[in-house]
Amino acid sequence: MDYGKLAYLKAEELESRISVQPRKLPAYAGFAPDVPLRDVVEIAEIKASGAVALVVKLTFSAAGEVSGRITAEIGGAAFSDASVSFSGEKTEVLIGAAEFSGAKTLALRPQNLSGAVLKRAEIVTVGGEGIGREASDFAVAESGTAVLAAYGRNMSVMGCLFSGGEAVMEKELCRGSRFDVCGCGDGFILAHNDAAGNLWLKKYGSDLGETAVLYACKSAESPAVCSSGGRVFLMYVRDGAAYMRTADEALTRISGETETGFGRADAVKFVRGAPSPTAVVGWQEKCRLKFSQPETVREATMGLTAQFSAEGVDD
């Protein structure tokens with residue numbers, strides 16, 4: 001046996017294996033939207049850098065006979081569709097591919113399916129970098145003698161109301177993913193992302209009834225909210241920077257967007273119980289503490305805003 005030749009072949013084989021790019025593993029997420037199929041339903045955010053294969057398993061239900069069509073879109077472009085006719089429950093699998101970079105919204109466009117409900121969606125991507133996650137935050141706020149604990153479950157934001165040390169109510173507050181909650185003079189304020197990354201402010205009374213809704217912005221991450229001096233302070237992250245807006249507690253108007261000048265950020269939170277809005281800003285596993293000094297500005301920009309200036313220690 002020619003051991004020299006064998007060693008050469010083995011070395012050549014090893015080199016060829018090392019030179020092969022590692023295969024990207026599939027990304028998976030399951031959601032339970034439980035929404036009527038009357039209009040376009042945005043399910044999740046898909047991140048990719050190049051070609052990506054998409055497999056979407058959908059579970060529908062309908063009280064009576066329905067017949068129509070369902071189209072799956074990524075970033076507004078269709079990649080797969082199917083005709084569906086059923087009563088009761090129906091499962092359909094849509095398979096396709098797309099090529100894009102960055103984050104795109106995966107949505108379903110129904111036709112003639114107004115009697116159907118989307119009960120569950122399961123998404124598998126191959127070549128993608130990630131799928132928008134289900135709600136997983138947890139936040140607690142106090143208003144008067146009541147305490148609200150908000151938590152994520154199956155793409156819903158759930159609320160559990162405590163009074164006198166006892167749980168008195170639990171209900172679904174909204175559909176959404178990332179969120180934060182704070183107390184205000186007559187209830188609670190919730191900031192949350194929907195499945196497409198849009199950011200909303202919602203107000204709930206002491207009985208957790210929704211009393212106001214205000215659209216804040218699109219493409220936001222890591223929402224944080226606090227109430228101070230009759231104003232609502234909203235912070236969020238976009239493209240590695242922290243932004244802020246303010247609103248009145250009735251959620252009738254919202255100010256323009258202000259870049260806070262905090263430097264790089266991938267997460268923001270407000271400190272509960274601080275005498276004035278105080279934010280903790282995170283970037284790559286480090287935190288910076290920011291203090292605010294509210295100042296009067298033109299009424300057209302909501303009367304009060306916050307100038308964050310004093311900075312803590314990075315390390």
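**View 1. Arg272 is partly exposed, at 38% relative accessibility.** In this predicted model, local features need pLDDT of at least 70 and side-chain atom pairs count only at pLDDT 80 or more, while totals for chains, interfaces and linings use all residues. Residues are numbered from 1 along each chain as its sequence is written, and side-chain values use heavy atoms, with hydrogens and water left out. Buried stands for under 20% relative accessible area, exposed for over 50%, and partly exposed for the range in between (1.4 Å probe, protein chains only). Asp180 is buried, at 3% relative accessibility. Asp180 and Arg272 form a salt bridge, with 2.9 Å between the closest N and O atoms. Asp180 sits in strand S10 and Arg272 in the loop between strand S18 (267-270) and strand S19 (278-283), so the pair ties together parts 92 residues apart in sequence. A salt bridge here is a side-chain nitrogen of Lys or Arg within 4 Å of a carboxyl oxygen of Asp or Glu. Strands are DSSP runs of E with at least two residues, numbered from the N terminus.

**View 2. Asp81 and Arg69 form a salt bridge.** Their closest N and O atoms are 3.2 Å apart. Asp81 belongs to strand S4 (residues 77-111) and Arg69 to strand S3 (residues 41-74), so this pair ties together parts twelve residues apart in sequence. Both ends are partly exposed: Asp81 has a relative accessible area of 38%, and Arg69 has 30% relative accessibility. By the rule applied here, the count comes to eight salt bridges.

**View 3. Glu257 forms a salt bridge with Arg238.** The closest N and O atoms lie 2.9 Å apart. The pair links distant parts of the chain, 19 residues apart: Glu257 is in the loop between S16 and S17, Arg238 in strand S15. Glu257 is partly exposed, with a relative accessible area of 33%. Arg238 is buried, at 16%. Elsewhere, salt bridges that share partners join Asp180, Lys269 and Arg272 into one network.

**View 4. Strands S14-S15-S16-S17 form an open sheet in that order.** Pairing among the four is antiparallel. Strand S14 (221-228) and strand S17 (258-264) are the edges; each has a single partner strand, so one side of each is left without a neighbour in the sheet. From one strand to the next, the twist averages 25°. Strand S15 (residues 231-238) and strand S16 (residues 241-248) run antiparallel and are joined by eight bridges. Pairing requires at least two DSSP bridges between two strands. Val237 stands opposite Ala242 in S16.

View 5. Six bridges pair strand S12 (residues 199-204) with S13 in the antiparallel sense. Trp200 stands opposite Tyr215 in S13.

**View 6. Asn198 lies in the loop between strand S11 (187-193) and S12.** Asn198 is buried, at 18% relative accessibility. Beyond neighbours within four places in sequence, Asn198 is in contact with Glu42, His192, Asn193, Tyr215, Cys217 and Lys218. Contact means heavy atoms within 4.5 Å.

Terms used. Axes are lines fitted to C-alpha atoms, for helices over the stretch in contact, and angles run from 0 to 180 degrees between N-to-C directions.
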